[in-house]
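Please prepare a short report on the fold, the strand pairing, the core and the surface of the model shown here.

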Amino acid sequence: MAYLITAALAVSGCSTALANQGRADLIAQCASIGDNMRFLPGETRKSDNPLFSSASVQGQCVGPDHPEYAKALGPKE
């Protein structure tokens, strides 16, 4: 099991888009570890203000033996 965190910052953007991209990056990282590895999302934080938007996504890579594997996201989801 690996714990992952990604953060992004954009000038006058949308924090939801940043969070979605971060989640997609973490799903890809988990998939690169092994065929059956999936990303189990944890906390997502988003902030929008007139100048900057930011987002951070946390979670963990889990394998089929993890009790919440069915809730985890794979590369095609």
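How much accessible surface does the protein chain have, and what share of it belongs to carbon and sulfur atoms? The accessible surface comes to about 4,900 Å², and 54% of that area belongs to carbon and sulfur atoms, where accessible areas come from the Shrake-Rupley method with a 1.4 Å probe and, for residues, only the protein chains shown count as cover.

## Basis of the model

This is a predicted model, in which local features need pLDDT of at least 70 and side-chain atom pairs count only at pLDDT 80 or more, while totals for chains, interfaces and linings use all residues. Residues are numbered from 1 along each chain as its sequence is written, and side-chain values use heavy atoms, with hydrogens and water left out.

## Overall fold

Helices (H or I, at least four residues) and strands (E, at least two) are DSSP runs, numbered from the N terminus.

Of the 77 residues of the chain, 34% count as buried, where buried means under 20% relative accessible area, exposed means over 50%, and partly exposed lies in between (1.4 Å probe, protein chains only). Among contacts (heavy atoms within 4.5 Å) between residues at least 6 apart in sequence, 67% join residues at least 24 apart.

## Pairing of β2 and β3

Strand β2 covers residues 38-48, and strand β3 covers residues 52-62. The two strands run antiparallel and are joined by nine bridges, two strands being counted as paired if DSSP finds at least two bridges between them. A hairpin of three residues connects β2 to β3. Along this pairing, Phe 39 stands opposite Cys 61 in β3, and Lys 46 has Ala 55 of β3 as its bridge partner. Eight of the eleven residues of β3 are buried, so this strand is largely enclosed by the rest of the structure.

Glu 43 belongs to strand β2 and is partly exposed, with a relative accessible area of 38%. Leaving aside residues up to four places away in sequence, Glu 43 touches Ser 56, Val 57 and Gln 58. With Ser 56, Glu 43 has a separation of 13 residues in sequence and of 8.1 Å in space, C-alpha to C-alpha. The side chain of Glu 43 also makes a polar contact with the side chain of Arg 45 at 2.7 Å; such a contact is a pair of N or O atoms within 3.5 Å, where within protein one must be able to donate a hydrogen and the other to accept it, and residues adjacent in sequence count only if both atoms are side-chain atoms.

## Nonpolar core and disulfide

The largest nonpolar core has ten residues in all: Leu 18, Ala 19, Leu 26, Ile 27, Cys 30, Met 37, Phe 39, Ala 55, Val 57 and Cys 61. Helix α1 (15-33) and strand β3 each supply at least two residues of this core, and the largest share, five residues, comes from α1. A nonpolar core is defined as a set of buried Ala, Val, Leu, Ile, Met, Phe, Trp, Tyr and Cys residues joined through side-chain atoms within 4.5 Å.

Where a disulfide is a pair of cysteine sulfur atoms within 2.5 Å, the count comes to one. Cys 30 and Cys 61 form this link, with their sulfur atoms 2.0 Å apart. Cys 30 lies in helix α1 and Cys 61 in strand β3, so the pair ties together parts that are 31 residues apart in sequence. The link is left-handed, with -90° about the S-S bond, and both Cys 30 and Cys 61 are buried. Cys 14, by contrast, counts as partly exposed at 41% relative accessibility.

Ala 17 is placed in helix α1 and is partly exposed, with a relative accessible area of 44%. The C-alpha atoms of Ala 17 and Ala 55 are separated by 8.8 Å, although these residues are 38 residues apart along the chain.

Pro 75 is found in the segment after β3 and counts as exposed at 60% relative accessibility. Not counting residues up to four places away in sequence, Pro 75 touches Ile 27 and Ala 31. Pro 75 and Gln 29 are 46 residues apart in sequence, and their C-alpha atoms are 9.4 Å apart in space.
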